[in-house]
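Subject: Handing over the structure

Hi there,

Here is the structure I promised to pass on to you. My notes on it follow below.

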Amino acid sequence: GDKVAARVAAIEAGVPIVPGTDGPITTTDEAMEFCLKHGLPVIFKAAYGGGGRGMRVVRKMEEVKENFERATSEAAAAFGNGAMFIERFIERPRHIEVQLMGDKAGNVVHLYERDCSVQRRHQKVVEIAPAPHLDDKVRQAMFANAVNLARHVGYSNAGTVEFLADNHGGFYFIEVNARLQVEHTVTEEITGVDLVQTQIRVAEGMTLPELGLTQDKIHPQGYAIQCRVTTEDPAKNFQPDTGRIEVFRSGEGMGIRLDGASAFAGAIISPYYDSLLVKVIAHAADLQASCAKMSRALREFRVRGVKTNIPFLLNVLQNQKFVNGTVDTYFIDENPQLFTMKPSQNRAQKLLNYLGSVLVNGPSTPLATELKPADVKPPIPELPIDYEHLAVNEDGEVIGLEPPKGLRHILKEEGPEAFAKAVRAHKGVLLMDTTFRDAHQSLLATRVRTRDILNISPFVAHTFSNLYSLENWGGATFDVSLRFLHECPWERLEEMRKIIPNIPFQMLLRGANAVGYTNYPDNVVYKFCELSVQTGMDIFRVFDSLNYLPNLILGMEAAGKAGGVVEAAISYTGDVSDPSRTKYDLKYYTNLADELVKAGTHVLCIKDMAGLLKPA
């Protein structure tokens, strides 16, 4: 808010203030004049903003000009106005703020005070309510002055009057925060008053007596502490950390409250917003018990993927000055041991990562034996010599057996429509063999090598020429070939086509995701399908696990344009025989089939991934 206007109102209401400028100043000459008149130390504050931005403490006259220029530059960047307010700086103060609530009928009550002295660079880190070891005469005087100020200006709704208290029983007005503050939670805990709800009720026109909020009914119970858990690295001067939260587990239990929004596994911590992750509030009968609860809760937190200030907060909670409630605004600066933190061992996640790596990639450590792996050469069935299908070159030399013709010759000679027509005209059952793709994807994590596939391919070509198709590509084969087998999936497809020229090849295309795990630009999907057909692919089974038509149609159009057979898949996840299932009923699937036919599919596929179709 406007600090200058608040200061004028405080003077009018008779609230004690620190000597300061009567209005905002904008030049170094004005700053020098004030310092020469009132002496040092002084503090520069942004006249039209807060949060510690544009704030500087000056103890030497030769530093006035430089610090003023830096402060006004920072304030201008943060608030659009670099005007400064200057006041005498109170040495070793406590930062005490009084929570107020007013209504439109002129009623004002206080909800006791908070101690916000634990600060770093004028930013509050830990807040306590009520303020420990505050002389009761000083406390009551603060309440009276805060309420008088609110009544003087006709204040309505929630607000906070902030004071600096010295070691001699004096206190001085700082500013009014005409809003609900981050640390309002500790006041709610000790008074039992829901400040957010009260704000809304007052804005609706209700009075405090109607809400049961009269001063005689508001009593504090116990002590509450709030710790602001932020994504900042204390070991790097509280540098904000960004990234994805991989693991998030919070501490909970009796007397622990959590206020947060973006604190969950998978959340992306951006550099463009405040680093506050979650507010942890502990409430107990006394300050020591509240510290113990807070310490226990913070130790139960597990946050992985980004750094947090939890180790620093734990050091604060273990400090005897803090536990005893004898802190001032110099607490963090005078206790450098707070920054000596024990690094997290992160044992559980490291163990899980190791186990996952071993399960997927195999052990990377030497075997505890000198025995060599067994040299197993699987037997490959011999092909019967059929002299009618011998392939010879131009010189009449026999170069191998020519496999019998299959359905692929119809596709290559007459096109996808003729292929689909021939399939529909076929009277028997046509089979698709999944050995080269889905079978070893499900049973062996897609780890069958190209050399093993090529070794058995001649037998397949000669023995299973009557297959509808061989599923041998797409899905996870592309990813695994590159990342784990260190093979080229394109070369696998090309070599298989040379050996098996007669059986249609089939692949799984994840719509707009192609063979990856994210959406790709349309032109990438189109080019991928074009190259796939050129390298030997024939049938594209296009599917989307959610039956999302735009994703399906993109894949269908890309495959069709490339000259492939489009086999649109319907992912079946319901039970059409159950009348209680009204969303994914028979009409849903028949309508989806109609849409796919309209989009130009050559073949319809029902992809029953979980074996739900009946009869089983």
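To start with a question: in which loop does Pro130 lie? Pro130 sits in the loop between strand E6 (123–129) and helix H4 (136–153), where helices (H or I, at least four residues) and strands (E, at least two) are DSSP runs numbered from the N terminus.

Some housekeeping before the rest. This is a predicted model, with local features needing pLDDT of at least 70 and side-chain atom pairs counting only at pLDDT 80 or more, while totals for chains, interfaces and linings use all residues. Residues are numbered from 1 along each chain as its sequence is written, and side-chain values use heavy atoms, with hydrogens and water left out.

Back to the backbone. The peptide bond from Ala129 to Pro130 is cis, with omega near -10°. Another cis bond runs from Leu40 to Pro41, with omega near 5°; Pro41 lies in the loop between helix H2 (28–38) and strand E1 (42–46). Tyr112, in strand E5 (residues 108–120), has a positive phi of about 70° although it is not a glycine. For context, most residues other than glycine have a negative phi, and most peptide bonds are trans.

Now the domains. The assignment (automatic or from a database) gives domain 1 (21–88), domain 2 (94–211), domain 3 (223–334) and domain 4 (407–607). The centres of domain 1 and domain 2, taken over C-alpha atoms, are 26 Å apart. Six residues of domain 1 contact four residues of domain 2, contact meaning heavy atoms within 4.5 Å.

Between them, domain 1 and domain 2 bury about 410 Å², with 47% of it on carbon and sulfur atoms; buried area is the accessible area (1.4 Å probe) that two parts lose on being put together, summed over both. On the domain 1 side, Lys45, Gly51 and Met55 lose the most area to domain 2, together 54% of what that side buries. Zero salt bridges are counted between domain 1 and domain 2, a salt bridge being a side-chain nitrogen of Lys or Arg within 4 Å of a carboxyl oxygen of Asp or Glu.

By that rule the count for the model comes to 33 salt bridges. One of them joins Glu334 and Arg92, with the closest N and O atoms 2.5 Å apart. Glu334 is in the loop between helix H9 (320–323) and helix H10 (347–361) and Arg92 in the loop between strand E3 (84–88) and strand E4 (94–102), so the pair ties together parts that are 242 residues apart in sequence.
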